[in-house]
Amino acid sequence: DTMRRVVRQSKFRHVFGQAVKNDQCYDDIRVSRVTWDSSFCAVNPRFVAIIVDASGGGAFLVLPLHKTGRIDKSYPTVCGHTGPVLDIDWCPHNDQVIASGSEDCTVMVWQIPENGLTLSLTEPVVVLEGHSKRVGIVAWHPTARNVLLSAGCDNAIIIWNVGTGEALINLDDMHVDVIYNVSWNRNGSLICTASKDKKVRVIDPRKQEIVAEKEKTHEGARPMRAIFLADGNIFTTGFSRMSERQLALWNPKNMEEPIALHEMDTSNGVLLPFYDPDTNIIYLCGKGDSSIRYFEITDESPYVHYLNTFSSKEPQRGMGFMPKRGLDVNKCEIARFFKLHERKCEPIIMTVPRKSDLFQDDLYPDTAGPEAALEAEEWFEGKNADPLLISLKHGYIPGKNRDLKVVKKNILDNKPAANKKSDVINAPKKAADASNTQNDAKLEEILKELKSIKDTITNQDERISKLEQQIAKISD
């Protein structure tokens, strides 16, 4: 202990958090009251998405980042689910695509228009059906395009190819109890899960086998979390037998003893860990806490170094975490959180104070960019690839995203151009199929436009009648 009295050198020792001014918050949002331990919020460099209370189904808001201030009650939502939405996740390779899992046992994938919603969105690009109970977890693959994982209360994990709408891997016999969370490793070759049976499992999804597992990772009965770090180690949060909150670090090659285990406090909120692989900092946001604690992970004892705590008055209902490319590098911002209150969403900015105005390359090593390193098929065939990195030296400017196309298996014109011979044989059939598909698409487009015009007319009619009533009142 006397050794630890020496203050450790770290450029992140003075990281400080600051909530933005009131006019930069998103106000008057009815944040979901579902009892489920997900973060209820997902953000990327374009949009913030928040799960909200919805009557008769499930809905979430998608707001362009700049749309701060009071959000009108009639603001359009994404509302195609028939049960409450439990989890949402933005696609890392397309800032306009978001997946949602719901109590209605389905996963839906949505394409958000470039400038946000003008009408409520009820038609997902694809509906993924395969779970028999509610779906509480959705997580995109970090490096392969259109690969999505979902986990449900049927204790099954399904990995989908969103581009074809098919379930390609179904891990339904590995968990005997509720899955609390699932985390991909850096290149998406492994996943780790925390479950109600107090086990943390490391799974190779393509071989469909458990590579490592640890019983009683944390002795307490309350929910745990487990996430992969960039070096392949696993970080967990949970509770001791005496209901104290704990955090631990594990090496999956030897799960006997933790590399480090720390007791924190006796609060009962589940600790949601948010990890930044570029700086090796973990931020812990307890549900119902009013603070964010952050720790630096290093190779030297005690491995998990407490840095500081950001405290505020209000407890948090959920939390969104901005990817690195959405941060303001000119202000030395190293993290941005979107904290959900009961009725609003408040951005919190974490910065490293620096005197210089120059780009701080030690704070911003190259980070994961929006390009996918692999196609879905390549990953399912067994290939691995690390994220494709980009420099943030001049800030990140979001480019144009390509639309997410879902190809049903009978459409031949979207086959890869590998088998040239068979292409010749299939040519006439292909042409017919293609024209049918084009007609269907055209028809669908016209119907959509018709529906949107009708919706607008209905809205205007309602507005007219309201205004007429107001005039009548005034003239009375």
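A search of the whole structure finds 13 aromatic pairs. Rings of Phe, Tyr and Trp (its six-membered ring) pair if their centres lie within 6.5 Å; planes under 30 degrees apart count as stacked, over 60 as edge-to-face and the rest as tilted. The model is predicted: local features need pLDDT of at least 70, side-chain atom pairs count only at pLDDT 80 or more, and totals for chains, interfaces and linings use all residues. Residues are numbered from 1 along each chain as its sequence is written, and side-chain values use heavy atoms, with hydrogens and water left out.

**Stop one: two tryptophans.** Select W184 and W379. Their ring centres are 5.7 Å apart and their planes stand at 80°, so the pair is edge-to-face. W184 is in strand β16 and W379 in helix α1 (residues 376–380), 195 residues apart. Helices (H or I, at least four residues) and strands (E, at least two) are DSSP runs, numbered from the N terminus. Are W184 and W379 buried or exposed? Both are buried. Buried means under 20% relative accessible area, exposed over 50%, partly exposed in between (1.4 Å probe, protein chains only).

**Stop two: F295 and Y306.** This pair is also edge-to-face, at 5.6 Å centre to centre with 65° between the planes. F295 lies in strand β26 (residues 291–297) and Y306 in strand β27 (residues 304–311), so the pair ties together parts that are 11 residues apart in sequence. F295 counts as buried, at 6% relative accessibility. Y306 is partly exposed, at 47%.

**Stop three: a ring cluster.** Select F274, Y283, Y294, F321 and F337. Ring pairs link these residues into a cluster.

**Stop four: charges over rings.** A charge sits over a ring if NZ of Lys or CZ of Arg is within 6 Å of the ring centre and within 35 degrees of the ring normal. At F239, it is the charged end of R222, 5.2 Å from the centre.

**Stop five: a sheet.** Go back to β16. Four strands make an open, antiparallel sheet in the order β16-β17-β18-β19. Two strands pair if DSSP finds at least two bridges between them. The edge strands, each pairing on one side only, are β16 (179–184) and β19 (209–214). Inside, β17 (residues 191–195) and β18 (residues 200–204) pair over four bridges. Which residue in β18 is the bridge partner of I191? That is I203.

Residues 78–120 are 51% strand and 0% helix, with end C-alpha atoms 6 Å apart.
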